[in-house]
Amino acid sequence: MKNRKATHIPGLDELMNGGFPGGTINLITGPPGSAKSLFGIEYIYNGARFDDEPGIYLSLEESRDSILRAASNYGLDLTSFEKEGRVYLIDLGKMRAECTASEELEWGLASFETLQDFLKNQLSFSGAKRLVLDSITAVGVYYKSSELFRRELFKFSRFLRDSNITSVLISETSGTGDSRYGIEEFISDSLIKLDYESTAGEYHRTLTVRKMRFTKHDPLKHPFLIMDNGIEVSPDEVIS
Amino acid sequence: MNDVELYGNLIREFIRKMTSPDIGEFRMEISSFRIILERARVQRTKLIKFNITENGRIVNDMEDDSGSISALETFLRRSVDFISSLIGEELARDVIYRNLKESTRDLIEPMRGREGLIGHFPEPFDMLVEQTLSTSVEKNDHEEVLGLFEDVFQAYLKELSGHTDLSAFKLKLSILREKHRLLKHVTVTKNNSMDFDRDIWATATDEEVSDSLVAVFNSMVGLSTFLLGKEEAIKKASRILNYYFEGKASIMERYGMEDLILEGALNHKVSTGFQLLDDKMGGGISKGSSILFISPSGIERDIFITQLLTTGLMDGASVLMVLSKEPPRSIRMLLRSQDLDANAFEEEGKLRIVDWFSWRGERIIGVERDGHSLKSSKILSNLGIAINKGLRDLTFSPTKIAIVHMIGPATNIFEFTQVYNFMQRLRAKFKEEEMASIFFLETETLSRESLTRIMEVFDGVVEMKKTMGSGKVLRDISILTMSGMDYDTTASPFVIRDSRLISIDEIWSDNEGSWDGPMDRELKDTDVDNKDHVQEEIEEAEVELSDNAMDVDQAGPIRGYPEPGLDRGKDRGQKIGSGRSLTRKDRAQSPAQAKQDIADQEDKVKKVPIRPLVKRKKKASRPGKATPGPSLVRGPIDKVSVEQVKDSRGPMRPARVRKNIDTPEDGGKKRTIVDAQKTLKPKRVRKIRIAPGDGAKKGRSIDISRLESPEDILKEAISTIEDLLEGSEPRTHVARRPPPKNRT
């Protein structure tokens, strides 16, 4: 269990042999409303709370208020952790909203290069051990071709690995694929897929650890619930 | 050790605890105590020879005299006053008492009998001293249990020493000493036995003794498990316990060790509360095994679930229930009807109810908590999550039981394969938790093929049957499969009595020593839990019995008395089938006479017809064909009692009302002839039937709902009996015999 970054999400670390291996890039994908952002918030919050590890939550689309509200709904007090310098909630979406589309493209506000520059300073300042990028889908919009996107994503992933930070990249899916652009999963060390399913006329949420390098993991599809205090995965239950 | 040293030691402990208290407790500085001491020295110069160093060490060079004691008392009082000035008098006393309560017992105990010392402690020290000394005076006899455990431990250490040098055990013992103070007064001798300091142990309460001994025993089992593997360790522990504890149940009971050792941690079997089924399964359900219980819907299954649940809870097990046909409140009401407080069990974490019923009437998202119970939405994965949560909520208990009633409804909603897979996962889960689990399935819910498949999931299958024909109801229970054991394959009949499932044998053995027949009781139990259909069954049976009455008397030996050459315990089915019911004559005679009659009859009867139980009986109701019995002679009431009968349901003990009267015909021998045939269950039974136990049919029901105590019921019963005896004689008696001489 050495060098694990536990998510402290009930039931999940059990599926991953204790948590994400340290220094890895982990992709969380799922359709809208599948609790991807909540997953990211919990990862950062729990790291600060239980492991005393500073973390950065970098939002490219959702506003800061929206994230704080979502967190407080589940009793996760991000604000006080922010004051203590244990959580850094960065709303890049606000900056993007103040620019026109052409300005954004011109200045490369949502490019991997810009993010990398931004994070370089931020990481050294905060001493963060965890990072959430919500979402990588927003960055992909900036690139005109998938080849370019892939190349830049690869460079960015090298940066993250060199920074020795355990990161979670959030990607939205719209169809049956594992990720939006179909390439994110190749550069990441792990892939966790969140989804909905309908059984006997009732929708329920599922979680599958599709891929996980450097460690044993449970690849089965498990149900999860969003309870009063956040996500709860049921490692004992399997959706067949 | 002199008085001043004893006093000084107590002060040393006081300063130590106050300067390094548990987290969150009030804390004093050593410098504060040094200042207090300085000021006390002004008043008591003898304290010059009592010092507190900067690091808190106590140097006590005081002479052993009353002046020194008074000086120490002054210092202690000033210390208490100082703390009171900081946090208030009441809280100060509370903090000091709490800090010292556990740690000073050994320091105070040697003060016993030292009058010059005991009266010199300020509050709350005086309370500590008084409590400690008074506790140990009350009882000091743990000799028997200590002697027993010395033997057990010696036997165990001998076993363990063959595998290890016992250093691991000694290490574990030293850790246990931190928690159990008594274990500081136990030493492991060179010849691998354990030596108890009897004087110290004698000052302890039963609970302390029990906890300490069980802790040592469990540590031995734990070490043994590490060395030999769990199975072997349990076997060894069982063997040693069985050897030394045979016939020592009273000790176990006194010290409350049964659940902790004998019945709990080491017992592989979990009672279902239905003795007949337990017997058939070799003592109950094995821990970690899952049983499928197939039965028709109805009172039998409901009673069985009740017995299973209440027996489990009363035995200290943790119970998980999965409901699909009723809401949790039904179970709570059911327990209340048994005088058990469901809320208390739920709060304690001994009972968790998973509600897979409410989704039919309300919208449930995923899994929701509702007080202590868990509601699940319809889909099985959420039910699985709810069950996991329920399992996590249960407090630890050596025995854990799962009662699952959802297979039938699940197969109506989901494909069989889904239900099958779910059952497999549940079974695996319960096995991992070492739970004894019973899954209920209604007869004919599944097709034969599906039933065969789902039976494969379980470790055993039990079938309860109810058949009706010729105006009677017959119930039996049998084991269809049971892995890992040689099980009894016969279908064993049982009846419902007093809202309990009881084997025919049990009824009979209950009846031994009484003078009334089992079926008489059954037939008289007209208010069995107000279950109308039970009453109907009984009435139907009664009709049937009357019709068959003539055959019975000549049928064979009486059930309940062993047939010659037939081992009573070996083949219950055969015995039940081959016996006949008691005749009126049998009932009126003594057991010795009855046995003699049996032997006489057996000489005459060549072939013993095998008949179902309910076909026998009641021939005495046919005037002229009844077997003559002895006459009844009314005499002065000799004895009246309310007999308490042990019942596994605990606090609700049934009582029988009896009265003995003189019977001069038997040479003045006292005989119980009155038997108010109903077990008295407060709150549930409104009427009881009173009948003289002379075999006559006459009797009278009395309303007991207005009566408050068994004594009141007894008085009413006696009055009724006297009325009955004052009235006309039974016809059979009149027809058979002339009145006895002393009859008026």
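Residues are numbered from 1 along each chain as its sequence is written, and chains are lettered from A in the order in which they are written. In this predicted model, local features need pLDDT of at least 70, side-chain atom pairs count only at pLDDT 80 or more, and totals for chains, interfaces and linings use all residues, while side-chain values use heavy atoms, with hydrogens and water left out.

**View 1. The two chains and their secondary structure.** Chain B holds 30 helices and 22 strands, and chain A holds 10 helices and 11 strands; helices (H or I, at least four residues) and strands (E, at least two) are DSSP runs numbered from the N terminus. Of the 744 residues in chain B, 52% are buried, and of the 240 residues in chain A, 57% are buried. Here buried means under 20% relative accessible area, exposed over 50%, and partly exposed in between (1.4 Å probe, protein chains only). Among contacts (heavy atoms within 4.5 Å) with a separation of 6 or more in chain B, 67% are between residues 24 or more positions apart. In chain A, 68% of the contacts between residues at least 6 apart in sequence join residues at least 24 apart.

**View 2. The interface of chain B and chain A.** The contact involves 20 residues from chain B and 14 residues from chain A. About 1,300 Å² is buried between the two chains, 55% of it on carbon and sulfur atoms; buried area is the accessible area (1.4 Å probe) that two parts lose on being put together, summed over both. On the side of chain B, the residues losing the most area to chain A are B:I379, B:I385 and B:R425, which together give 35% of what that side buries.

View 3. The rule finds 3 salt bridges between chain B and chain A, each a side-chain nitrogen of Lys or Arg within 4 Å of a carboxyl oxygen of Asp or Glu. One salt bridge joins the side chains of B:R425 and A:E237 (3.4 Å, N to O). Two or more residues on the chain B side come from each of α19 (380–393) and α21 (416–432) of chain B, and α19(B) gives the largest share, 8 residues.

**View 4. The largest nonpolar core.** This core has 41 residues, and those with the most contacts inside it are B:L292, B:I387, B:M406, B:I407, B:M423 and B:F430. A nonpolar core is a set of buried Ala, Val, Leu, Ile, Met, Phe, Trp, Tyr and Cys residues joined through side-chain atoms within 4.5 Å. The element that gives the most to this core is α21(B), with 7 residues. Not counting residues up to four places away in sequence, B:F430 touches residues including B:L320, B:I387, B:L391 and B:F439.

**View 5. The surroundings of B:E433.** B:E433 lies in the loop between α21 and β13 (436–442) of chain B. Because its relative accessibility is 30%, B:E433 counts as partly exposed. Beyond residues up to four places away in sequence, B:E433 touches B:L391 and B:K400. The side chains of B:E433 and B:K400 are joined by a polar contact of 3.0 Å. B:E433 and B:L391 are 42 residues apart in sequence and 8.7 Å apart in space, C-alpha to C-alpha.

Methods
Polar contact = N/O pair within 3.5 Å; in protein donor to acceptor, adjacent residues only side chain to side chain.
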